[in-house]
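Let's take a walk through a protein model together. Have a look at the picture first, and then we'll go through it piece by piece.

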Amino acid sequence: MPGTRNGGFNSIRHVVALAALLAFPMIASAHIGQGDIGGGFISGIAHPVFGLDHVVAMVAVGIWGAQLGAPAIWALPVTFPLVMAFGGVLGGLGIPIPGIEIGIAVSAIVLGGMILFAARPPLWVAAVLVGIFAIFHGYAHGAELPDSANAIAYAVGFVVATGTLHALGILIGVANRWRRGAQALRAGGALIAAVGVYFLSAHAIG
Amino acid sequence: MSRHFRQAAGRAACVAATLLPAAAAHAHSAAKGIGDFYAGALHPLTSLEHLLAFLAFGILAGQQGQKAEPVLAAFCLALLIGATASLWMPGLPWLALVNIGSSVAFGGLIAAARPLPQPFFYALAVLFGFSHGFANGEGMAEGGKPYLFIPGIALAGLVVTAYGLITTDWLLRRKAGWIRIAVRVAGSWIAAIGILVLAVAGRTLSG
């Protein structure tokens, strides 16, 4: 297809199509055989989506990646799920890491700040920063993984939801191509940091 | 050679795909006596731990290019052998972990997107083909006909992996650069799913 490389709207359409494509077979298979697959899948989807602190941080990762541009924007969606799954193992095995909830709130503040100031640290600094946050988020989810037979359906829903939140952030980040859009993104960064401050103070107060 | 294989695999996949839903519906009436074949085919297709790994193997094969096609055949052969072996050999309680591990391995290799040494690729295919075949063979109901059930498993494996190969191969022939990344992201998701499931299994095993 000519023109897909540089067409902003085309790539948006492709990302949406891809997300739909990736989600669809899972939904379809939910109706075949074992009845509990659907329930596991839905709760897996719901878990990351209904925690505002997670949603904000995942979307922020996508937006910051879009601000940073290539190669960060491509390295991010490939490595993040793997690092997060590693954190999930630590959480699932109950290996103690102190201050997880505070770490998650701080991640929203730091990522929001990076977007607000359109910070461009070296790639490895960004990777380490995002990697640490990925472990925090994965840990929190892993500690809450259900002990049920449909663990696979849960994990599928969980990873699809997380990846879709990244894709959403990257989609929003497309606005960075235009001057007004870039300004709007930075304002959004301030909002994300504010949500982080809210969660941090909520934990600090009790 | 490989072109023929691809065409043949594609044709087999199409035929099987059109036959399967109808056949499954008729298994109890029109095609008396061969219900075990469909039971065998549906066994891996209705269990995510097998379906995910088959799909991942197909995507990996598509990503590796032409040299992957005989490896795909080896995978399906190993499915047959593994399922046959399960008729005589006692079950292994940790085999499910190996099968989840195959999703982690295949997904991780897709995410890495590096050309694999052919012997290593064959070894992966045979090892995990055998383990998936074995686990599916164990799923046969008491009194089932293994000479129908086991080919059903292998055919389902061929259909899913061939679908993965053909789709990935077709996608990677497109010009857009983001497709290569999207395939790697899919691999990363598959590996992450496998790792999370292993975490749950590990917690269950460690008490």
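Let's begin with charges. Counting over all chains, there is one salt bridge. Who are the partners? B:Asp169 pairs up with B:Arg173, and their closest N and O atoms sit 2.8 Å apart. Keep in mind that this is a predicted model. Is B:Asp169 buried or exposed? Its relative accessible area is 12%, and the cut-off for buried is under 20%, so B:Asp169 counts as buried.

Now for chain A. Of the 206 residues in chain A, 50% are buried. The accessible surface of this chain comes to about 9,700 Å², and carbon and sulfur atoms hold 74% of that. How do the contacts run along the chain? Take those with a separation of 6 or more in chain A: 84% of them link residues 24 or more positions apart.

Next, step inside. In soluble globular proteins, nonpolar side chains tend to be buried together. Here the largest nonpolar core has 86 residues, and A:Trp64, B:Phe57 and B:Phe121 have the most contacts inside it. Helix α8 of chain B (residues 178–205) gives the most to this core, with 14 residues. Another core lies apart from it, made of five residues, including B:Met140 and B:Phe149. Which residues does B:Phe57 touch? Leaving out residues up to four places away in sequence, they are B:Val71, B:Leu72, B:Phe75, B:Phe106, B:Phe121, B:Ala125 and B:Thr161.

Some of those names lead us to helix α4 of chain B: B:Val71, B:Leu72 and B:Phe75 are among its buried residues. At 1.5 Å a residue, the 17 residues of α4(B) should span 24 Å, and the end C-alpha atoms are 25 Å apart, which agrees.

A nonpolar surface patch of about 700 Å² is made by B:Leu77, B:Leu80, B:Ile81, B:Leu87, B:Trp88, B:Met89 and B:Phe130. With three residues, helix α4 (residues 69–85) of chain B gives the most to this patch. B:Phe130, for its part, comes from helix α6 (residues 118–138) of chain B.

How values were computed
Residues numbered from 1 in each chain as written. Chains lettered and ligands numbered in written order. Predicted model: local features only at pLDDT ≥ 70, side-chain atom pairs only at ≥ 80, totals over all residues. Heavy atoms only, no water. Patch = residues over 30% accessible without salt bridge, like charges linked within 9 Å, V, L, I, M, F, W, Y side chains within 5 Å. Areas by Shrake-Rupley, 256 points an atom, 1.4 Å probe, with all protein chains shown as cover. Salt bridge = Lys/Arg side-chain N within 4 Å of Asp/Glu carboxyl O. Helix = DSSP H or I, 4+ residues; strand = E, 2+ residues; numbered from the N terminus. Core = buried A, V, L, I, M, F, W, Y, C linked by side-chain atoms within 4.5 Å. Buried < 20%, exposed > 50% of the residue type's maximum accessible area, 1.4 Å probe, protein only. Contact = heavy atoms within 4.5 Å. Expected span 1.5 Å × (residues − 1).
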